[in-house]
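Colleague: I have a structure to go through with you. Can you put it up?

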Amino acid sequence: MRALSQTVLDDRAVPPSLHLPDYPRSALVPGVLHLGLGAFHRAHQAVVFDALLQAGDTRWGVLGVAMRSTELADALARQDGLYTLQIASAEGRRWQLVGAVLDTCVAAREPDRVTAAIAAPATRWLTLTVTEKAYGPVLAAQLVAGLAARHAAGLGGLTIASCDNLSGNGGKLRQLCLDTAAALDTVLAQWIESHCAFPDSMVDRIVPAATAQHREDAARMTGLDDACALGTEAFWEWVIERHFVDPADGAALAAAGVQVVEDVRPFEEAKLRMLNGSHTAIALMGAVMGLPTVADCVANADIRWFVHHLMTDIVMPQLQRPGLPAYRDALLARFANPDLRHKVHQIASDSSLKIPLRWLPTLQTRLAAGADVEPLAFGAAVWMRYLLAEDEQGQPYAISDPAGERLQAIARRHRGDAPATVAALLRQPAIWGEALLANPRWVSSVGFWLERIQALGLGAALAQFKAGHATHLNTEHGNT
Ligand code: CS2
């Protein structure tokens, strides 16, 4: 079987039904530098840029930078940046050969190449999907080194768009860069401030890590071997703040389906708290119960009920995005997509960094108002059970989280003692903030559910939660 490459594409040795990059890829110079080359970028921003290139706007070719791991960057380079994307929804499967990634490199291996690319005259945009944990000094130093070179070369500024699941992602990245630059050179910091734009953005598409199955499916469909094949859903959203170095970019992106808005916040809050907040709850439950994928989890009627309740009664009241009930229903349908096979352990990774972004704002607002937070207490208890690193069938699993070892040691030290576990694991200000530990209602509710999970198992504890909720509603409405 031939391996996917530009030559194969030029020979037209591909099935006619495949959506192909029909633009002169070899003649293009990258206008976009992407940091964090992985599945998400390839199924999201790169597809938008592919559409812009397809429409004849030659400025959106990508140099894809993997931060550390070399495998994907090198495999993609061997196939000239090309890869097959499987798009699966209830309407069936579509296939697309994405051509926007023109070249790749690895930041840890070739830091100078990244600096040079930031300072290249053709570079106009820098996009990032580097994950929550990367927003620190290493990233800032890399960006500022490139921007310093760009400034020294007398070039214009860049639009730098964080596409990570952080609230106010653009503002956070801007502050990080400005602080780092100011410590080196105030003139540089001023130049970044006045010449670069850091729009906030909300990105959404469920993109599970690529597997051998994607490669096999792609081979069956295209007759080609693609070591970088991956799969996603049909749904995608990119909502970005209207704040660009070149104001005309707003119209260009909008033509490709991106929503360009004055204020991203309502979209970002809805996405982080509804989609990602539910994802974290589902993933932790699935890990403990030994359910491998998100679809397996929402096929369980009690988990599905829990997620619906969490979104409707706990999360939605604080949100402003229009059309929330339809947004929720669409999310539940997306979670149930059987083709995605989205692994719960992938989502459960880095939970100590995700919980503060996904659950905490809802929790803090509602606790302050004396409102119901029971589902989040249940979620917190599940997280504590998850930290034992062993599912209910006794299967061990790895916890991939920068704080994982420390948290797991705490959970194991207090194993079986719910009040002690809760006291120790809530005393983590980076995760839960300072104030929550002093809230007796919250502490006792987490403790209650952890004790139930230990005594009954998660499935039965969840059934009790659901039954209790029904009784509570009946009492509230006066029918006993
Ligand atoms: C997921 C996200 O892995 C995770 O934490 O919640 O990657 C999620 O699939 C995307 O944000 C969907 O847009």
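Modeller: One term to begin with: buried means under 20% relative accessible area, exposed over 50%, and partly exposed in between, with a 1.4 Å probe and protein chains only. This is a predicted model, where local features need pLDDT of at least 70, side-chain atom pairs count only at pLDDT 80 or more, and totals for chains, interfaces and linings use all residues. Residues are numbered from 1 along each chain as its sequence is written, and side-chain values use heavy atoms, with hydrogens and water left out.

Colleague: Which way do Thr 159, Ile 160, Ala 161 and Ser 162 point from strand β7?

Modeller: Thr 159 and Ala 161 point one way, Ile 160 and Ser 162 the other, and all are buried. Helices (H or I, at least four residues) and strands (E, at least two) are DSSP runs numbered from the N terminus.

Colleague: Why the two directions?

Modeller: In a regular strand, side chains alternate between the two faces of the sheet.

Colleague: How many bridges join β6 to β7?

Modeller: Four, and the two strands run parallel; pairing requires at least two DSSP bridges between strands. Thr 127 has Ala 161 as its bridge partner in β7.

Colleague: And what do β6, helix α6 and β7 make?

Modeller: A right-handed β-α-β unit, with α6 covering residues 137-152. Right-handed means that, with the strands pointing away from the viewer, the path from the first strand over the helix to the second runs clockwise.

Colleague: Switching to the whole chain, how many helices and strands?

Modeller: The protein chain has 23 helices and eleven strands, and 56% of its 480 residues count as buried.
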